Amino acid sequence: MRITVFGKGNVGGGLADLWERAGHQVARLGRDGGDVSDADVVLVAVPGGSIAEALDGLTGLEGKTVIDATNRIGVGAPDGFASNAEFVKSRTGGPTAKSFNVNFASLYGRLGDARVKPSNLWCGDDEAREVVEQLNRDAGYDPCTRGRSRMPLVRSRLST
C-alpha cells in the first residue's frame, strides 16, 4: 500500500517506521506539506489545533482515504465542525477514519514484544474500514471499531 504520513513527530514518524517494516511504501511529509496524489491512504498526524493550516499545505487530497490521528488539546475543532475528523472529511470528500490517537507512540517499538496484540480503537466511514484495519494490524495492533459513521463523520469523544 502507498501511504503518505503527514507529520514527522512521534506518532507520524513511529507509524511510518512500523508500516515500512511491514512492507508498505511510505512517503513522509513535514510541516511544509506536499503532494499526496500518489498515496492510497494519508495519515494526518499533526497538532490538533493546526489541522486547517496543515491541510492547506497538501495537494492531491481530494477523494483520498484519510486517517486522522490528531488530538485537540486545549483547542476546539475548526469553526462549524464537531471534530477534526469531520473537518478533514469536509476537505477531502473521501473515506475518513479516526485512529492512532489514543495509544502512546513511545510504546510502538515494544508492540512486537506483547504477549497479546494490544487493541487500537478506530471509528469512521465504512469505506475506510479495510484500509484502517489492515494498517492497524500491520502496525502491531488488533483493530477495534468504535462504530461507523452515518453522519458527516463520527461525533464521539474519540473524534475530538
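1. Basis. The model is predicted; local features require pLDDT of at least 70, side-chain atom pairs count only at pLDDT 80 or more, and totals for chains, interfaces and linings use all residues. Residues are numbered from 1 along each chain as its sequence is written, and side-chain values use heavy atoms, with hydrogens and water left out.

2. Aromatic pairs. Three aromatic pairs are found in a search of the whole structure. Rings of Phe, Tyr and Trp (its six-membered ring) pair if their centres lie within 6.5 Å; planes under 30 degrees apart are stacked, over 60 edge-to-face, and the rest tilted. Trp-19 and Phe-100 form an edge-to-face pair, because their ring centres are 5.5 Å apart and their planes stand at 80 degrees. This pair links distant parts of the chain, 81 residues apart: Trp-19 lies in helix H1 (residues 10-21), and Phe-100 in the loop between strand S7 (96-99) and strand S8 (119-124). Helices (H or I, at least four residues) and strands (E, at least two) are DSSP runs, numbered from the N terminus. Trp-19, Phe-100 and Tyr-141 form one aromatic cluster.

3. Burial at the aromatic pairs. Buried denotes under 20% relative accessible area, exposed over 50%, and partly exposed in between (1.4 Å probe, protein chains only). Trp-19 and Phe-100 are both buried. The rings of Phe-81 and Phe-87, with centres 5.3 Å apart and planes at 80 degrees, are likewise edge-to-face. Within this pair, Phe-81 is partly exposed at 27% relative accessibility, whereas Phe-87 is buried at 8%.

4. A buried lysine. Lys-98 is located in strand S7 and is buried, with a relative accessible area of 1%. Its side chain makes a polar contact with that of Asp-68 at 2.9 Å. Such a contact is a pair of N or O atoms within 3.5 Å; within protein, one must be able to donate a hydrogen and the other to accept it, and residues adjacent in sequence count only if both atoms are side-chain atoms.

5. Nonpolar cores. A nonpolar core is a set of buried Ala, Val, Leu, Ile, Met, Phe, Trp, Tyr and Cys residues joined through side-chain atoms within 4.5 Å. The largest has 24 residues, of which Leu-15, Trp-19, Leu-43 and Phe-100 touch the most other members. Two or more residues of this core come from each of S1, H1, strand S4 (41-44) and helix H4 (129-139). A second, separate core of 15 residues includes Val-36, Ile-51, Ala-54 and Leu-58.
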